[in-house]
Amino acid sequence: MTVTRPEDLPSRKPPAGEPSLAPWVTDFLRCELAKFEGLSNVSHITQHTIILKDDKPIKQRYFPKNPAMQKIINAQVDELLLDGRIEPSKSPHSAPIVLVGKKTGDMRMCVDYRQLNARSVPDAYPLPRINHILERLRNAHYISTLDLKNGYWQIPLAEGSRECTAFTVPGRGLFHWKVMPFGLHSAAATFQRALDSVIGPRMEPHAFAYLDDIIVIGVALEDHVENLREVFRRLREANLRLNKDKCSFSKGASYIWVMSSGHVYTLTHRRL
């Protein structure tokens, strides 16, 4: 395999005197992003299906939580119910809840699906290789990254698979997911396949997806804006919503990828 090293990826500087962000680009982005606000919660392009290896129910004990932790769980369960992402369940399956710390210091409610993963058939759909992504970025002068808002939760869970995701909330009963939750071993494959179908080979080499990040590139600003316009159109057509706060519209960005081989790949550009 050919290894691309940092010294092979030159930093690209914008032409002297070029403005940091043209007003017409700002207007374009404001107009395009506003069109996402009316989209509904889930996409129609695919659904996630869990295929069990046998019919034996997977029932695990739940872990008691202290009052402070239970308060966090109850608040998040209430929000998920309100948003229509979970619903009460009569499933023979049951998995325990765990709380996981976020970078912000907050706690996120997750479900321990290790036993479910061990008893279900994995999806072998491939994820993009990082070195291939970096090769595509070599000639890009403009790079924008788009982040999907709660990406997994925009993918519906197949009706026949919902009971497999049931989890116990101490003191409140049993619930299961209506959308694709975090923690399933094939969720990444389902999500990558969905985004590949939206972006598709026709957008290459101008746009490509890596899980919930979509990278849009261009050599000239006008071309880059047109590439963004087409990606925005495709996302709206697929009913996929963006997280505007995490999108980066840049004259390049800084990417650092640590590979399993120990090599660190970098590509640095100046932000707009």
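**Close-up 1. A patch of positive charge on the surface, made by Lys102, Lys103, Arg108 and Lys246.** A patch takes residues with over 30% relative accessible area and no salt bridge, and joins like charges within 9 Å. A salt bridge here is a side-chain nitrogen of Lys or Arg within 4 Å of a carboxyl oxygen of Asp or Glu. Lys and Arg count as positive, with the charge placed at NZ of Lys and CZ of Arg. Arg108 sits in strand 3, residues 107–111 (strands are DSSP runs of E, at least two residues, numbered from the N terminus). With a relative accessible area of 37%, Arg108 is partly exposed; that label falls between buried, under 20%, and exposed, over 50%, using a 1.4 Å probe and protein chains only.

This is a predicted model, so to speak of local features takes pLDDT of at least 70 and side-chain atom pairs need 80 or more, while totals for chains, interfaces and linings use all residues. Numbering runs from 1 along each chain as its sequence is written, and side-chain values use heavy atoms, leaving out hydrogens and water.

**Close-up 2. Thr165, in the loop between strand 4 (142–147) and strand 5 (167–169).** Thr165 counts as buried because its relative accessibility is 0%. Beyond its neighbours within four places in sequence, Thr165 has contacts (heavy atoms within 4.5 Å) that include Tyr113, Phe175, His176 and Trp177.

**Close-up 3. Leu146, in strand 4.** Leu146 is buried, at 0% relative accessible area. Setting aside residues up to four places away in sequence, Leu146 touches Asp212, Asp213, Leu228, Val231 and Phe249, among others. Val231 is 85 residues from Leu146 in sequence, yet their C-alpha atoms are 9.6 Å apart.

Conventions: Patch = residues over 30% accessible without salt bridge, like charges linked within 9 Å, V, L, I, M, F, W, Y side chains within 5 Å. Areas by Shrake-Rupley, 256 points an atom, 1.4 Å probe, with all protein chains shown as cover. Helix = DSSP H or I, 4+ residues; strand = E, 2+ residues; numbered from the N terminus.
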